[in-house]
Amino acid sequence: MGDIGRVLNTTKEAILSHLTALNVTGSNVANVNTPGYSRLRPAFGSIGVIGSSTNDVQLGVKIVEIERLYDKYLEVQLVQQEQDTGNNQARMDLLNNVEGIFNESTGGGINDLLSQFWGAWSQLSSNPSGTAERDNLVSISQSLASMFSQKANDLINIQSDTNAAISDSVTELNKYLDEMVDLNNKVVQTEISGGSAASSRDQRAELLRKISQIIDVNYYEESNGSLNIFISNGKSLVEGTNVWKLDVKTNPENSNYYDIVFEDTPDEAINERLTSGKLAGMLDVRDTKISGYLNDLDQMASTIVTNVNTQHRSGYDLNKNIGGDFFSPARIESPVVASGNTYAATVAADGTYTGTTNKTYTVKIVTGGALGAATYKVSSDGGTTWGAVQTIPVGGTITPGDGINLTFPPDTFATNDVFSVKAGCFAKDMQVNSTIVDDAGKIAASATVNNGDGDNAGSINAIKDSLLMGGGISSIDNFYQSLVASVGNDVADAKRILDHQTAVMNQLESQKEAVSGVSIDEEMLNLIKYQAGYNAAARMCGVVNQMMDVLINLGKE
């Protein structure tokens with residue numbers, strides 16, 4: 001009876017094992033379309049002892065473990081590729097918007113308007129008293145200034161939208177970090193109790209890829225199964241069930257755009273620590289690419305304003321008055337931070353501009369006094385490095401080393417006063433002088449007061465041949481064409497890199513699918529195999545039942 005009981009126990013274990021295998025296979029089939037699901041495989045193992053001398057035989061089968069089929073090295077490659085793809089996808093999306101701003105294919109862009117602008121001066125030089133020529137020049141000049149302003153504002157809008165997207169991405173990342181902590185806890189608790197955390201591990205792997213799309217990370221798994229995640233400078237984002245979240249903080253040195261910081265160290269920006277992922281791509285486009293395009297536009301606008309105004313001021317209008325500024329100097333009011341007196345400051349694009357816009361300069365009064373007597377020094381890095389001591393001239397204009405003029409209205413300055421002035425975007429504020437818009441007769445077309453000639457208009461037209469940019473090697477027309485080409489090249493490079501990375505990602509996904517993906521055909525075969533094993537164990541149970549009947553009937557006889 002004991003031997004038959006052992007056979008019956010073996011049969012029971014076989015039935016239960018194959019039932020578990022059928023359940024696992026059913027789970028694979030059910031999750032065939034579940035993103036990130038890794039197929040499971042039941043591992044059968046024999047159990048029991050054989051003692052021939054004692055006639056002690058107990059054999060059977062059980063499910064040793066349910067294996068999660070995955071390749072951890074392939075997962076590492078996928079995480080890395082997600083970082084690179086996220087970076088270049090963000091760059092590509094933003095640069096596509098920039099390319100639309102500089103689209104000159106339909107005409108009516110800066111190139112066309114520049115050509116019409118110089119041509120209008122040439123026409124005025126031929127007929128300096130002509131009302132139609134003067135009105136035409138004003139109209140075209142306004143269109144040119146408006147086009148510069150529009151393009152600059154469009155670029156600034158993309159910067160602002162990108163800035164908002166950076167904040168949204170940080171919020172999204174923090175949500176993922178909270179989810180990662182929860183999954184870490186589930187994996188550890190499930191596996192400590194002897195269960196399988198395959199489902200939680202799948203969710204965690206998928207979540208890690210989402211995190212890496214936003215920010216470049218490194219990670220490793222602890223012996224207890226928890227995942228630790230940190231950025232390139234070694235600062236942790238997740239350690240087991242502990243989380244360190246990111247935040248954004250406005251940077252006054254960068255147009256109050258956001259820096260990325262840790263919540264617990266808000267004064268330490270980590271922008272430069274981010275080398276890949278969506279955040280790094282957006283930071284690069286916002287702070288490097290678009291700022292560069294804006295600077296090029298500013299240089300063009302400043303060059304045109306400066307040279308046209310300088311020449312225009314040397315001529316005479318229809319009323320025989322000396323010419324004033326043709327374009328209004330772009331003045332951007334800037335708030336002042338003062339340790340002593342508080343001064344209102346402006347930044348003027350008066351032709352001496354050669355530096356970088358959207359930059360804050362710190363001015364410190366060395367010795368107080370009136371205009372012509374007070375001295376100052378300027379720092380472009382917040383007071384770490386100071387320029388030479390200079391005297392504030394009569395007229396109240398002081399000039400930092402890179403050429404931006406800072407104009408101050410007070411007549412006297414106090415020693416040790418410190419204040420900051422922010423250089424703005426000059427292309428954004430380009431406009432024709434309102435006095436000329438109101439009265440085109442004030443255009444100073446003549447070179448001499450009594451002649452009524454158009455020589456000054458001709459001289460302004462000739463400026464186009466002498467305006468050299470890019471280190472004195474490029475005409476202003478070629479400089480703009482180079483800017484447009486640069487934008488196109490940046491877009492083409494981003495697209496080429498993204499196409500390559502997408503191809504690599506698709507290849508890695510195919511490899512992952514080959515290892516971890518569910519094949520319906522294979523699972524159907526497994527169902528048949530496990531069903532056959534289950535049926536065989538059930539038939540064995542029937543045989544044991546017949547044997548029990550024989551033994552019982554023998555006892556009756």
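**Exercise 1.** In this predicted model, identify which residues of H3 meet which residues of H8, and classify the contact by residue type.

*Solution.* On the H3 side, the contact is made by Trp118, Gly119, Trp121, Ser122, Leu124 and Ser125. Their partners in H8 are Ala457, Gly458, Ile460 and Asn461. The residues of this contact divide into 5 nonpolar, 5 polar and no charged.

**Exercise 2.** Determine how helix H3 (residues 110-126) and helix H8 (residues 455-462) are oriented to each other.

*Solution.* Start with the axes, which come within 7 Å and cross at roughly 155°. Next, apply the cut-off: angles over 145 degrees count as roughly antiparallel. H3 and H8 are therefore roughly antiparallel to each other. Finally, the handedness of the H3 and H8 crossing is left-handed.

**Exercise 3.** Find which residues of H8 are buried, how they are placed around the axis, and what they pack against.

*Solution.* Asn456, Ala457, Ile460 and Asn461 are the buried residues in H8. Because they cover an arc of only 145° around the axis, they lie on the same side of H8. The helices against which the buried residues of H8 pack are H3 and H6.

**Exercise 4.** Describe the packing of helix H4 (residues 131-192) and helix H6 (residues 277-312).

*Solution.* The H4 and H6 axes come within 10 Å, with a crossing angle of roughly 165°. That angle makes H4 roughly antiparallel to H6. H4 passes H6 in a left-handed crossing. By type, the residues of the contact of H4 with H6 are 18 nonpolar, 5 polar and 4 charged.

Terms used
Residues are numbered from 1 along each chain as its sequence is written. This is a predicted model: local features need pLDDT of at least 70, side-chain atom pairs count only at pLDDT 80 or more; totals for chains, interfaces and linings use all residues. Side-chain values use heavy atoms; hydrogens and water are left out. Axes are lines fitted to C-alpha atoms, for helices over the stretch in contact, and angles run from 0 to 180 degrees between N-to-C directions. Helices (H or I, at least four residues) and strands (E, at least two) are DSSP runs, numbered from the N terminus. Angles under 35 degrees count as roughly parallel, over 145 as roughly antiparallel, 65 to 115 as roughly perpendicular and the rest as oblique. A crossing is left-handed if the near helix is turned anticlockwise from the far one by less than a right angle, and right-handed if clockwise. Ala, Val, Leu, Ile, Met, Phe, Trp, Tyr, Cys and Pro count as nonpolar, Asp, Glu, Lys and Arg as charged, and the others, Gly among them, as polar. Contact means heavy atoms within 4.5 Å. Buried means under 20% relative accessible area, exposed over 50%, partly exposed in between (1.4 Å probe, protein chains only). The arc is that of the directions from the helix axis to the C-beta atoms.
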